[in-house]
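Reader: I would like to go through the charged side-chain contacts in this protein. Could you show me the model?

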Amino acid sequence: MILDAAASLLGESGVAAVQMRAVAARVGMTDAGVAHHFGNREKLLGELLRHGGRRLRDALQDLLASWLDRGADLLELVEALHDLYRNGYGELAVALHAAGWHDPGSGMLDPVVDALHRLRPPGCSLEDTRLAVAALHQAMAMEALYGSDFRRSAGLTGTAADDSAAQVRWWARQLRLALGLKPGTDRGRRDPGSPAGSGPPAPAPG
């Protein structure tokens with residue numbers, strides 16, 4: 001209950017809003033009651049980041065399970081990562097790491113790596129699959145914080161810079177290309193920015 005309240009504050013107003021007193025007020029407790037469970041704000045923020053990781057794992061497990069019935073959808077995978085981080089978890093991860101906090105855990109996206117690797121042609125490198133998933137994860141974590149600025153640096157302006165939807169679709173296409181998947185290997189969704197619908201863009205000549 002405390003973590004859910006902290007997650008709501010994070011999504012509404014960012015890391016600065018996640019204060020012990022504000023969280024306590026959300027759940028009808030005293031500051032001391034929250035401190036009893038989490039010790040201090042730094043520990044609360046660390047646990048909140050792990051809480052976000054658990055929420056992401058649960059969402060991805062449901063997504064991967066649904067692939068068994070209706071086929072893989074890489075755009076849904078990219079959107080799941082994007083949805084978590086645009087709700088404040090990207091800002092939280094950067095703030096905690098800048099303060100010297102590091103989560104000793106690893107392999108949170110192993111189920112995703114395994115599912116995607118099974119879609120690849122025989123003989124493909126598992127390490128390359130891991131690197132592709134890691135690159136996607138990094139990009140989505142940074143998207144909420146810096147995506148608009150990066151797009152402006154490349155000459156995009158206005159809505160094209162501020163709206164992340166086209167970038168998310170671009171990452172889904174690049175993931176398909178990086179994994180060497182043929183069009184239709186994942187069922188995909190029609191990409192309004194691509195004449196070929198859900199298929200990847202044609203390779204550059206040469």
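Predicted model: local features only at pLDDT ≥ 70, side-chain atom pairs only at ≥ 80, totals over all residues.

Reader: How many salt bridges does the structure hold?

Author: The structure holds nine salt bridges.

Reader: Which side chain does Glu 47 meet in a salt bridge, and at what N to O distance?

Author: Glu 47 meets the side chain of Arg 50, with 3.1 Å from N to O.

Reader: Where do Glu 47 and Arg 50 lie, and how many residues apart are they?

Author: Both belong to helix H4, which covers residues 41–70. They are three residues apart, so about one helical turn separates them.

Reader: Is Arg 50 buried, partly exposed or exposed?

Author: Arg 50 is partly exposed, as its relative accessible area is 30%.

Reader: Which residues are linked with Arg 50 in a network?

Author: Salt bridges link Arg 50 with Glu 47 and Arg 54 in a network.

Reader: Turning to helix H5, which residues does it span, and how are Asp 83 and Arg 86 placed in it?

Author: Helix H5 spans residues 74–98, and Asp 83 and Arg 86 lie in it three residues apart, about one turn of the helix. Their side chains form a salt bridge of 2.9 Å, N to O. Asp 83 is partly exposed, with 33% relative accessible area.

Reader: And what does Glu 76 meet?

Author: The side chain of Glu 76 meets that of Arg 70 in a salt bridge, at 2.8 Å from N to O. Arg 70 is partly exposed, at 34% relative accessibility.

Methods. Residues numbered from 1 in each chain as written. Heavy atoms only, no water. Salt bridge = Lys/Arg side-chain N within 4 Å of Asp/Glu carboxyl O. Helix = DSSP H or I, 4+ residues; strand = E, 2+ residues; numbered from the N terminus. Buried < 20%, exposed > 50% of the residue type's maximum accessible area, 1.4 Å probe, protein only.
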